[in-house]
Every structure is written in structure tokens, then in C-alpha cells.
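Hi,

Here is the structure I promised to pass on.

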Amino acid sequence: MAIEDIQGFITELEKHGELKRVKTEVDSDLEIAEILRREMYSNGPAILFENVKGYDMPVLGNAFGSMKRLEIGLEMTDFTEIGKRIADMTKMDMPSGLLNKIKKLPELSKMTASFPKLETSGPVTEISSKDATFDNIPILKSWPDDAGRFITLGLVATKHPKTGVRNLGVYRMQIVDKTHALMHWQKHKRGAHHSDISKDMGEKIPTAIIIGGDPATIFSSIAPVPEGLDKYLFAGITRKEGIKTVKCKTIDLDVPANAEIVLEGYVDPADIRDEGPFGDHTGYYTPVEPYPTFTLTGIMRRKNPVYVTTVVGKPILEDAYIGKVIERSFLPLIQMFHPEVVDFSMPAAGWFQGFAIMSIKKRYPGQAKKVMMGLWGMGQLSLTKMFVVVDEDINVHDINDVIWAITTRADPARDTTIINNTPTDTLDPASPLVNLGSKMGIDATQKTKEEGYEREIQKTVKVDDKTKNLVDSKWSNYGL
């Protein structure tokens, strides 16, 4: 059985020694965030704050702040399994004829088992009210110059106004008053796309903010899944079991039945207000910018919910570990379109969109640039600022190995590609304009004569097998 909710996740974390409870009274205004940052930077445990000043609701933080905790939550150690499942589904031929359908039943049942299941009620429907307010929720203020309190790990649910395909995204929300918040969905995100379609139709977009849920659904909300893939289905693929959903009370949306809290409402694309500043995962405050307003119309929650949050800032914090799982899980999908890719890495210090490294099995001249251009055309990778491509003998997860490849196999003038006037991450503090800047690609593969390398290719130093085997066999005798 997959972990069903945050309460079950807390139990599992505690069982594995990965969670500590804080019973001392703490303040949601700056204090909790500073405690969490200190624990994150020192590789500390998940923390459940049980005594939050002014609230009767505990706060859970740093729940996903290590690979071990993500392995516990997603119940796997090889995260490439997620991408492999999606790749397998896309390759599956639909059978024709009764006999072929019978033969395919085991594969088809795996697919249907991942679909969400609508229920009439669930834990999150224990209490519901149209008289809703943000004031009863211990929403954090994280940094001293933040514009106020921000929801940072709310799963924002919308659906495509025309196709009905459901999306979950994690976009920060600045609390304005009891019933209004500002929705920071960046231009390139799917929630913003849904909002733009609604705006063109002259409509407001129904939106639900989900706090908590099972770890697979939380991960799925953050993951940049292929366009057109329903996020609820992706959550089921991740956990190998479809999630249970319930209908909202005041808007036409389905939400996870096992959530802690669901904040129902709508985003009005015509109601634009100044949002920010906010201390973000780049390590900088993002400046004040205009974003649309969310209006709260109702709430569903458990009788005793846990408020789940995260804190961002200069890497490496909790979001870096989630980013590493995204990197691993999407490698098989990258390889579907670019089979020469051997491995892929997005170093945590590069805050997801800043920097990526890929190794390839090179077969022809110019192949490294072909891979760069292809990846810059794939979904959220289009926002990645810098790519480095290396040969398959380089470990993309060892930055020293990568630097060695760059300095021994790349010539700055020949192997650096600069592309101007391209989309950039909204949060990039270096881009000359918001959402528009440049890209850099470094081809750190070994060059060939066809690529203009006229010198003799120098041989890399390697130990011979005879010496290696001799030292291996005598190692225990050396006393080292």
C-alpha cells in the first residue's frame, strides 16, 4: 500500500528517525523559517512544530529535505522508474481483436490502475465552510523583507478551460487579507496558461489550493510533466495506484480526498495587484511585479489538519532534493527524444533552471549542439540558462570531472554557443529583462577532425589491467 497522506508520511518518517517534534512555542512570523533553514543547511530532519503561537494547527517543514525522505515518501530508490513507466505507456500499442486484447490485459490494467478515482467523501471533507479565511492557518513569513505571509507549498489545482485536462502546480501566494491572495504563476507555467485562456474567454478561473496530500501527489505538482498529461494521472503513475479525489463545495474542481486542507476560490485575471518582494530559491529577493488575485470562496479540511510548508533561499535547501528526483525521473523521457543522452544532471546550486549537464554517446560531428538545441525545445528545459555537454566517460554528477572535461576538451571560441533573446526563468536575477535573456551552451566533448580539430587526439591516462589486478589482489596486505 502506498502512503496515503501526510499523516501517514509523518508516521513513516518518525519510524525511520527522520522527524523531530518541537513542543516549544514558536512564531510563524520569521522564527519557524529560520529554524527550518538552519536544519536544512545542516542536513537536519523533518520538523513538526506542535505549538505555533496563535494557532491550534501544527506545521510540518523540511519533510522532503533529503533523498532518504523522498525514498520513504515515494517508496522507491530508483527514481528513473517514474519516467520509465510513462515511456512504457507511450510506447504501448492498443490491441485489436479479442485474443490480442486478452493478451494485453495485464499491461492495460497497470495503466487503468493509475487513473484517479472520484469518491463522494474523504478525510478532507470532514469540515467544510463557505465562511472561509486565511487567518486560521499558520502561514509563514520567511524573510525579513518579504511583503508578508506566503503559502509556499500549496498545490494549485486548475483545469484547462477547453480540454478539461487537470493541472497541479506549486506557485507561491502572498496573503493580502482574510480572503484574498496574489497568485505568482509565472508566464511559462501551465496554471498561467489556463488563466490566459480564461481571460480571453472573459471568465475567472476556478482554482483550489491544496495543502498536504500523499507524497507522490505533492511531487507530481512540482514535476514539469509533458504537456497534455493530467497531473492526477501522473501522481497515480508515480505511486502505482490512482489517487482518490472529491468534488469541491464551491467550485467545479476535483481535489485529492486525502489532503489536509483545500482552499477553494477563483483567480480573476482582470484583478491585477503588486506582488512581492519575496526571498526566493535563487538566493535573492524577487522584486515587486504585477500578478492576478485569488479570492477565497470556501474551505474543506480535516478535523485536525497539519499545515505543510517549505522555506526557500540560497541553495542548497529542501527544494534541491525534489529537483534531484525530478532530474532522475525525467531522464528516461529525455532519452526517448534524444537516445544518445547517457545521463543528465541539474546541480542543486543552479536552482533548477540555471545550469544543466548531460553526457552523450557521441557518434557524429556537431552532435553536442544538436542535443542542446533539442533540449532547449523541451518544456521547462527551454528556460535552462546554461548547458554543458560531455562525453559518456564523464560523470555528470561529479563537478570536478565535468570541470576537467570543460578545460581539456572545450575551446572557448570554438565550443561556446550564445543564443540571444530567448525565454528565461522569471526568477533569474541576472537576465537583462524579465522573462527574456540569453542561453549559453558549452560543448565539452572530444572534438574530431570533422569539427576542425587538426591536432592528434591525446590519449587519456589510464592504469593498465595487469597493474590494476595486481594491486587489487594485494590491497589488503598493504596495511592501508
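This is a predicted model: local features need pLDDT of at least 70, side-chain atom pairs count only at pLDDT 80 or more; totals for chains, interfaces and linings use all residues.

**Strand pairing and a domain record**

Strand E17 covers residues 289-301, and it runs antiparallel to E14 over 12 bridges. E14 itself spans residues 261-275, and it also pairs with strand E11 (residues 205-211). There the sense is again antiparallel, with 7 bridges.

Next, an open sheet. Four strands make it up, in the order E1-E2-E3-E18, and the pairing is mixed. Its edges are E1 (19-22) and E18 (307-308), each of which pairs on one side only. Strand E3 takes in residues 59-61 and runs parallel to E18, joined by 2 bridges. Val-59 faces Tyr-307 of E18 across that pairing.

A helix goes with this sheet. H1 (residues 6-15) lies across E1, E2 (46-49), E3 and E18. Relative to E1, helix H1 runs at about 105 degrees.

Last, the annotation. An unreviewed UniProt entry places the feature "domain: 3-octaprenyl-4-hydroxybenzoate carboxy-lyase-like C-terminal" at residues 321-444. In the model, that stretch is 33% helix and 27% strand. The C-alpha atoms at the ends of residues 321-444 are 27 Å apart.

Best wishes

Conventions
Residues are numbered from 1 along each chain as its sequence is written. Side-chain values use heavy atoms; hydrogens and water are left out. Two strands pair if DSSP finds at least two bridges between them. Contact means heavy atoms within 4.5 Å. Axes are lines fitted to C-alpha atoms, for helices over the stretch in contact, and angles run from 0 to 180 degrees between N-to-C directions. UniProt positions are given in the numbering used here, feature names are shortened, and annotations may be inferred rather than shown by experiment.
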